[in-house]
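Me: I am new to this structure and would like a close look at one part of it, the contact between the chains. Please take me through that part in a connected account.

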Protein chains: 2
Amino acid sequence: MMQEEYPPLRPPARLLLGPGPSMVAPRVYQALAQPIVGHLDPYFFEVAEEVRKLLGYVFSTNNAFNLAISGTGSSGMEAAVANFAEPGRKFAVLVNGFFCERITEMARRQGAEVVRLEKPWGEVFDEQEAREFIRREKPRVVAYVQAETSAGAFQPGKAICEAAHEVDAVVIADCVTSLGGMPVLVDETGIDIAYSCSQKGLSCPPGLAPVTVSPRALERLRTRPAPPHSWYLDLQLLDTYYSGRKYHHTASATMLYALREALVLIREEGIEKRWDRHRRNHQAFVAGIEAMGLRMHVAEGRRLWTLNTPRVPEGVDDAKVRKRLLEEDGIEIAGGFGPLAGKVFRIGLMGASSTPENVLLILEKLERALRAEGFRPTESGRSAAEQALGAAAR
Amino acid sequence: MMQEEYPPLRPPARLLLGPGPSMVAPRVYQALAQPIVGHLDPYFFEVAEEVRKLLGYVFSTNNAFNLAISGTGSSGMEAAVANFAEPGRKFAVLVNGFFCERITEMARRQGAEVVRLEKPWGEVFDEQEAREFIRREKPRVVAYVQAETSAGAFQPGKAICEAAHEVDAVVIADCVTSLGGMPVLVDETGIDIAYSCSQKGLSCPPGLAPVTVSPRALERLRTRPAPPHSWYLDLQLLDTYYSGRKYHHTASATMLYALREALVLIREEGIEKRWDRHRRNHQAFVAGIEAMGLRMHVAEGRRLWTLNTPRVPEGVDDAKVRKRLLEEDGIEIAGGFGPLAGKVFRIGLMGASSTPENVLLILEKLERALRAEGFRPTESGRSAAEQALGAAAR
């Protein structure tokens, strides 16, 4: 009787080309099914130490403090904000998309005085305006989103970090959609606190939030006048757990195995080669999109390689296109929201999902779905992408 | 070269008889390896709806608000505290163990005025003293730990809830070590907010925190003067996500599959039968412990069936015993901490770990390890447990 009420799990086989989760490699699925050990087992800390080193590799940092928080990417954001926001003190946010709004909301909930510099979604801040803003406001913290998942733009951070350090601020960078797919370059950029998620460029299931913290940011934590409101996300307590092996919470060996395996796959591929792969597939996708007569929302040179935001053609209902792709082809892509609702598609080519085959497939299926909604493409997107991929391979 | 640096994962095969994680059933491992879907996929919400219903079943509640927070059990505690604590207002805690101290710390970090009634670890509050405390303090929130993982005692909650409701307080109960192994009985007890974890009585890997919230507690949330400091754990936002299918964070289909499967296993076994199984195995374990000449730390009738706290015999170094069990037998048990450091063992018989075979095995191996440390048992614990199990089976 019970078997009838709750039949065996039979998830549909989706091709995940949205803003995350991305496809999970077979070796990562195998890791999930490995026998569990306790959160204080010597083997647990061996794996945690591997993860610490491998996170340094993908973040391109020499920081000693790299760990995976037991929560999703948004818990990484909350950890960054909750540990560095201080009640009544200035917390600056460069706002050019949805996740900058989320940082704002979190910082306000922590009692910080939030000051903002704003741009339309999909644009990025130039060096001059970022510097002027930071020098004028002299905040304690500067937060920006390196890879805006809502809009598809990459925000360079070097000038932001330089200006922030001039006024003795620490810099938080949201790397949720860049890590593992584009150069995050924590040390070279000067980022103090970077956080990400497991399920996009790393191609691990959701559930962990990789975080790295610079020595100067750690010093800031040590001199905080009061502990953060959050105990669960208190970075100093987490550091004591992972480095001191003192119980804090019951971290998941299962999820840690999966993340470790996903990171080892990156190490085996080589991070630079992985970035190249993402860039090539992104460029081929863009060639296909433009050949069809669609336009990219973000200017060339500012685009994420991991998440593409082609504009929805005039007169086309994006929800119908997405529904068709999901129901007829089993492909997940996403739409825009906020000011971009109905205006862009969000198509992810991240981690294991970033392959030439997926570029060709999504262009073909997208074209078919757009035609069904009355749109007439100029040329075949698939052919243009094939040419671009061929040229890149030569 | 990379393969040498990072060899394949080869976790040791542990028998997990500590305070969690417990052993994971093969069907749950299989669920983890099912193809992932997105956090807004229709299939994701089908599984979430099954989880909602099944959590109502294991919590014994008719609440509509049942969900699994994307974090470990401690994130469930923080969600309960952060959503119901109010700055400057009274938050009462009944303190008889480590996790009551943690609730205290979290409530203080939220700015609440914490008032406490204290007992030694391992004892429980009687109805009269709990009532007097609550009537005197008239707090906004009363928190207690139903199953104290640090000490091994079960705290009945009916009088606490009645007194709390008289003064219009909501009641938070920590059910981390009771859910799935002992009667939690949310509705019958009158608990307003109960939270737990996935990795103890439910025998799923760590990573999710089941929570249930009563209608009166939801009403309290709706009339909160300001949102909680935590955005990630904001229960109203989580409710909007799970019931309204509006994006909040990227919940993990993988972990949800595993929890769903663990809960279906409980449904198939039957929750009352499962409680009986835990009780029988616990009683057999206690018979064995007492036959050996050891004593239980908690008085009879107050003990958890899931987590046993036999006292460490005089002159025995508990760390050496635990090390021997781990290294020679691959068995994880835990020691005490705080005032119980060195004084008790903490031996879990929860979920898939609660079997007659494990009772006999741990008694045999514990006896051997204690002998190696110079302790001489009165009689064989294993034989006494065999008799108890035989009697229970008749």
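Reply: Two residues are said to be in contact if their C-beta atoms, placed from the backbone, lie within 7 Å. The model is predicted: local features need pLDDT of at least 70 and side-chain atom pairs count only at pLDDT 80 or more, whereas totals for chains, interfaces and linings use all residues. Residues are numbered from 1 along each chain as its sequence is written, and chains are lettered from A and ligands numbered from 1 in the order in which they are written.

The contact draws 58 residues from chain B and 58 residues from chain A. Of the interface residues of chain B, 100% are also interface residues in chain A, so the copies meet through the same surface.

On the side of chain B that touches chain A, the elements that give two or more residues are helices H2 (26–32), H3 (42–59), H4 (73–84), H5 (98–109) and H11 (253–269) of chain B. Helices here are DSSP runs of H or I with at least four residues, numbered from the N terminus. H11(B) gives the most to this side, with 8 residues. By class, the side of chain B that touches chain A holds 28 nonpolar, 19 polar and 11 charged residues. In this classification, Ala, Val, Leu, Ile, Met, Phe, Trp, Tyr, Cys and Pro count as nonpolar, Asp, Glu, Lys and Arg as charged, and the others, Gly among them, as polar.
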